[in-house]
Amino acid sequence: MSNPVLVHSLEANYYTDPQIFQAEQAGLLARTWQYAGHVSQVENMGDYFAFQIAGQNLFCIRGRDGEVRAFFNVCQHRAHELVKGVGNCKVVVCPYHAWTYELTGQLRSGPNIKAVEGFERAEICLTEARAEVFNGFIFVNLDENARPMDDWFPGVREELRAFVPNIDELKPLEWVEVPERCNWKVSVENYSECYHCAINHVTFATGVVKPETYDIQPQGYCLRHTTECQNLDAMSYPIDLEANEHAGDYSSWYLWPLFSFQVYPGNVLNTYHWRATGPDTVTVWRGWYTVGGTESDVIRTLAIQDRQTTVEEDIHLVESVQRGLDNRGYRPGPLVLDPKCGVNSEHSIRVLQQWMREGVDEI
Ligand code: FES
Ligand SMILES: [Fe+2]
C-alpha cells in the first residue's frame with residue numbers, strides 16, 4: 001500500500017497578502033451569498049437600511065409590493081450616494097440634484113429632465129443586486145448569475161426551520177461585536193474545526209456537547225456541525241424537551257464564506273456574521289434573537305457568557321495564528337485528516353481551504 005498523500009495547510013500569503021485580500025473582494029466575496037440584514041429592519045413599505053458587501057455600498061428597501069430588494073447605493077445621474085443608515089421613504093430622492101426613484105429602482109422624476117430631448121426616463125433604473133430572504137435573514141449576492149441559496153446550501157432552510165420552529169417570529173435582541181486582529185479566513189477556520197476545543201474551551205469536554213460525537217461535514221457550500229448532547233439538566237436555562245423534535249439538540253450551519261446559524265438546546269438561535277474589514281482584521285457579530293425581539297434575561301446572560309468564554313478564548317487563538325502567519329519560519333504543516341472524521345480531525349478544514357484556494361486562484 002502506498003502512503004496516503006499528505007494534505008498541507010494553506011500557504012501563509014493567502015492570509016497576509018493585501019493583494020489577495022483585494023482579489024477576494026473583487027471575486028470571491030462578490031460572488032457568494034452575504035448577509036445583509038434581518039427582515040425586521042425593513043418591516044414596512046419604504047423601510048431601508050444601508051450596508052456594505054465586498055467593499056461596495058448597498059441598501060435594502062421594502063417595496064410597495066412587499067418585496068425586499070437590494071440596490072447598489074448610487075444615483076444613476078452623477079453617482080451621489082442615495083441613502084445613509086436606516087430610514088423610511090415613499091420614494092428614494094437623491095440628495096445631490098433630487099432625482100427621484102420608485103421603490104423598484106425605476107427613475108420617476110428629476111428637475112428639468114423633460115427639457116432634455118431624447119431623455120428616456122424608463123431606461124434609467126438603480127442597479128439591483130440579487131437578494132434572498134432565508135428564514136427572515138436577508139442575503140445578497142453581487143453576482144447576478146448566482147445560483148439560488150437552496151442550491152448552495154441544500155436542505156439548510158428546512159433543517160433550520162425544524163430546529164427553530166418559531167424562526168419567522170424572531171427578531172434580533174442583541175448584537176455582540178467582536179473585533180479580531182486576523183484575516184477572516186483564520187477566524188472562519190477556527191470556527192470550522194473542533195480539534196482545538198478540548199484544550200482551549202474548558203467547558204467543552206464537560207458541558208452540554210458530547211465531544212466524541214462531534215462532527216463537521218460539508219453539505220453543498222455549508223459546513224454542518226452536529227453532536228449529541230449530555231447534561232441538559234445542567235444548562236443555565238430551562239428546556240422543555242417535549243416542546244418539539246429538536247428541543248434537546250445542538251447544531252450549526254456555517255454558510256460559506258461569512259455567516260453561520262447556530263442552535264443551542266431549547267431551540268435558541270444565535271448567529272455569526274464575519275465582516276472582512278482588511279487583510280488582517282475581521283469583525284465578528286454574534287447575533288442573539290427572541291420572539292418579537294422581547295427582552296430576555298436568559299438570552300442576555302447567554303450572550304454575556306458566550307462573549308466571556310468561547311469567544312474570548314478563540315480571540316487569543318486566532319490573533320496568535322495571524323502573528324504566526326507573518327512569521328517567516330512558518331512552513332504549512334499537514335492537516336490531521338482522520339478517515340473516520342470526528343472531533344479530532346481537520347477534514348472540514350481541508351474542504352474549507354479548497355474553497356478558499358479556488359476563490360483566489362480562479363481569478
Ligand atoms: S447625482 Fe443624484 S441627482 Fe445628481
Ligand atoms: Fe474555538
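**Close-up views of a predicted model**

View 1. Strand E12 (residues 215-219) and strand E13 (residues 222-227) are paired in the antiparallel sense, with five bridges between them. The model in this and the following views is a predicted one. Gln219 of the hairpin stands opposite Cys222 in E13, and two residues lie between the strands, where Gly220 takes a positive phi near 65°. Strand E13 is also joined by six bridges to strand E14 (residues 250-255), and these two strands run antiparallel. Within this second pairing, Arg224 has Trp253 in E14 as its bridge partner. Strands of a sheet pair through backbone hydrogen bonds, and they do so in either a parallel or an antiparallel way.

**View 2. The cis peptide bond between Trp256 and Pro257.** Trp256 and Pro257 are joined by a cis peptide bond, for which omega is about 5°. Pro257 has its place in the loop between E14 and strand E15 (259-264). As background to this view, most peptide bonds are trans.

**View 3. An open sheet of three strands.** The strands of this open sheet follow the order E6-E7-E8, and their pairing is antiparallel. Strand E6 (92-93) and strand E8 (107-109) are the edge strands, each of which pairs on one side only. Strand E7 (residues 100-101) is joined to E8 by two bridges, and the two run antiparallel; Thr100 has Ser109 as its bridge partner in E8.

View 4. Helix H2 (residues 18-26) has Ile20, Phe21 and Glu24 as its buried residues. When the helix is seen down its axis, these buried residues fall within an arc of 100°, and they therefore line one face of H2. In general, an α-helix has 3.6 residues a turn, so residues three or four places apart point the same way. The face of H2 that is turned away from the buried side carries the exposed residues Pro18 and Gln19. The partners against which the buried residues of H2 pack are helix H1 (13-16), strand E16 (268-278) and helix H9 (347-361).

**View 5. Two alanines with a positive phi.** Ala54, a residue other than glycine, has a positive phi near 50°, and it lies in the loop between strand E2 (47-53) and strand E3 (56-62). Because 19 other C-beta atoms lie within 10 Å, Ala54 is classed as partly exposed. Ala79 likewise has a positive phi, near 75°, in a residue other than glycine, and this residue is found in the loop between strand E4 (68-72) and strand E5 (86-88). With 9 other C-beta atoms within 10 Å, Ala79 is exposed. For comparison, most residues other than glycine have a negative phi.

**View 6. The meeting of domain 1 and domain 2.** According to the domain assignment, the protein has domain 1 (34-141) and domain 2 (158-361), and the C-alpha centres of domain 1 and domain 2 lie 33 Å apart. Where the domains touch, six residues of domain 1 are in contact with eleven residues of domain 2. On the side of domain 1 that touches domain 2, the residues by class are one nonpolar and five polar, with no charged residues.

Definitions and conventions:
Residues numbered from 1 in each chain as written. Chains lettered and ligands numbered in written order. Predicted model: local features only at pLDDT ≥ 70, side-chain atom pairs only at ≥ 80, totals over all residues. Pairing = 2+ DSSP bridges. Helix = DSSP H or I, 4+ residues; strand = E, 2+ residues; numbered from the N terminus. Buried ≥ 20, exposed ≤ 12 C-beta atoms within 10 Å, placed from the backbone. Arc of directions from axis to C-beta. Contact = placed C-beta atoms within 7 Å. Domains from an automatic or database assignment. Nonpolar A, V, L, I, M, F, W, Y, C, P; charged D, E, K, R; others polar.
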